[in-house]
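Student: Please take me through this structure step by step. I am new to it.

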Amino acid sequence: RLKTTCLVPSGRLVVLAMMLIGVVLIPVRAGQLYSRLSERALVAGHAPGHAPGCKGAYIVLSGRLSDVRGFNDLMQDFLVQVRHYPSVFAGLHQGSLQLVCLSNKPSAEFLALQELHESHLTLVEGSAFSEHDLIYRAGLAGSTGVMVLADRFSTNAAAEDTDVQFRVWAIKSAVKRLPLYVQVLRRQSVDAIAPFLDPHQDIISSVEGTRLRLLALSCFVPGASTLIANLLRSSGPSAGFSRDPRHSKNNKSRSRRN
């Protein structure tokens with residue numbers, strides 16, 4: 001009996017010591033595992049600020065890669081605006097700017113698109129809620145500006161705008177001096193996010209508001225929305241031709257008549 005009574009307190013001490021060791025070591029090991037996994041995350045393209053011809057100037061984009069055609073249109077418009085309006089970006093004499101996209105893991109289509117625009121596009125797999133991904137992997141502190149875009153193909157607009165709001169908070173808490181361009185889906189989300197932005201340098205817009213403005217424009221100028229839609233559809237290498245085989249036959253017959 002004396003031996004058992006002496007062993008019970010020592011056993012409790014061993015259990016308490018193991019629990020304390022587990023409480024201390026488990027978070028440390030978890031942090032080390034997370035850092036290892038983040039190091040293995042995909043980075044396609046040149047490091048931020050090291051793209052050839054961009055002179056160290058780059059913009060960070062926080063979004064979700066879902067539609068490769070929509071992202072390609074965004075990339076083309078981005079390059080056109082930079083080349084046509086180089087005075088907007090201080091210090092860019094040749095109108096070259098690197099786009100660093102911090103998003104989910106890109107698919108094979110996005111990797112192929114990145115290879116086509118290797119000198120201007122860098123895809124970084126990561127999250128805007130991680131300070132390590134923002135500061136060290138995407139190089140947020142050295143960027144010219146930040147674009148925070150919502151996924152326009154999302155089935156839940158309210159949840160998508162809430163995610164955009166959290167990303168704006170994370171970016172503002174990391175670096176406050178950078179100008180932000182924020183795009184949300186609903187008009188009411190603009191009023192919720194605008195108080196956290198700097199009105200002198202930040203811009204926010206909504207997809208719903210843009211659609212309503214186009215509808216209002218078509219009321220005052222009949223046919224304006226149709227003209228804009230035709231211009232958007234006719235852009236690209238296959239402009240003016242439809243994928244429908246019936247239309248292709250009509251185009252061939254017209255060319256023979258001419």
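Student: Which residues of H3 are exposed?

Tutor: Ala-108, Glu-115 and Leu-116 are exposed on one side of helix H3. Here buried means under 20% relative accessible area, exposed means over 50%, and partly exposed lies in between (1.4 Å probe, protein chains only). This is a predicted model, in which local features need pLDDT of at least 70 and side-chain atom pairs count only at pLDDT 80 or more, while totals for chains, interfaces and linings use all residues. Residues are numbered from 1 along each chain as its sequence is written, and side-chain values use heavy atoms, with hydrogens and water left out.

Student: And which residues of helix H3 are buried?

Tutor: Helix H3 covers residues 108–116, and its buried residues are Phe-110, Leu-113 and Gln-114. Viewed down the axis of H3, these buried residues fall within an arc of 100 degrees, so they line one face of the helix. The arc is taken from the directions that lead from the helix axis to the C-beta atoms. Helices (H or I, at least four residues) and strands (E, at least two) are DSSP runs, numbered from the N terminus.

Student: What unit do S3, H3 and S4 make?

Tutor: Together, S3, H3 and S4 form a right-handed β-α-β unit. A crossover is right-handed if, with the strands pointing away from the viewer, the path from the first strand over the helix to the second runs clockwise.

Student: How many bridges are there between S3 and S4?

Tutor: S3 and S4 pair in the parallel sense, over 5 bridges. Two strands count as paired if DSSP finds at least two bridges between them. Ser-103 stands opposite Glu-125 in S4.

Student: Let us turn to the whole sheet. What order do the strands have?

Tutor: The order is S1-S4-S3-S2-S5-S6-S7, in an open sheet of 7 strands with mixed pairing. Strand S1 (43–44) and strand S7 (203–206) stand at the edges, each with a single partner strand, so one side of each is left without a neighbour in the sheet.

Student: Where do the side chains of S5 point?

Tutor: S5 comprises residues 146–149. Val-146 and Val-148 point one way, Met-147 and Leu-149 point the other way, and all are buried. In a regular strand the side chains alternate between the two faces of the sheet.

Student: How does S2 pair with S5?

Tutor: Strand S2 (residues 58–62) pairs with S5 in the parallel sense, over 3 bridges. Val-60 has Val-146 as its bridge partner in S5, and Ser-62 stands opposite Val-148.

Student: What about S6? How many bridges join it to S5?

Tutor: S6 (residues 180–184) runs parallel to S5, and 4 bridges join the two. Val-146 has Leu-180 as its bridge partner in S6, and Met-147 has Tyr-181. S5, helix H5 (residues 157–174) and S6 make a right-handed β-α-β unit.

Student: Which side chains of S6 are buried?

Tutor: Leu-180, Val-182 and Val-184 point to one face and are buried.

Student: One last topic. Where does Pro-179 lie?

Tutor: Pro-179 lies in the loop between H5 and S6. Pro-179 is partly exposed, with a relative accessible area of 29%.

Student: How many Å separate the C-alpha atoms of Pro-179 and Leu-197?

Tutor: Those C-alpha atoms are separated by 9.0 Å, and Pro-179 and Leu-197 are 18 residues apart along the chain.
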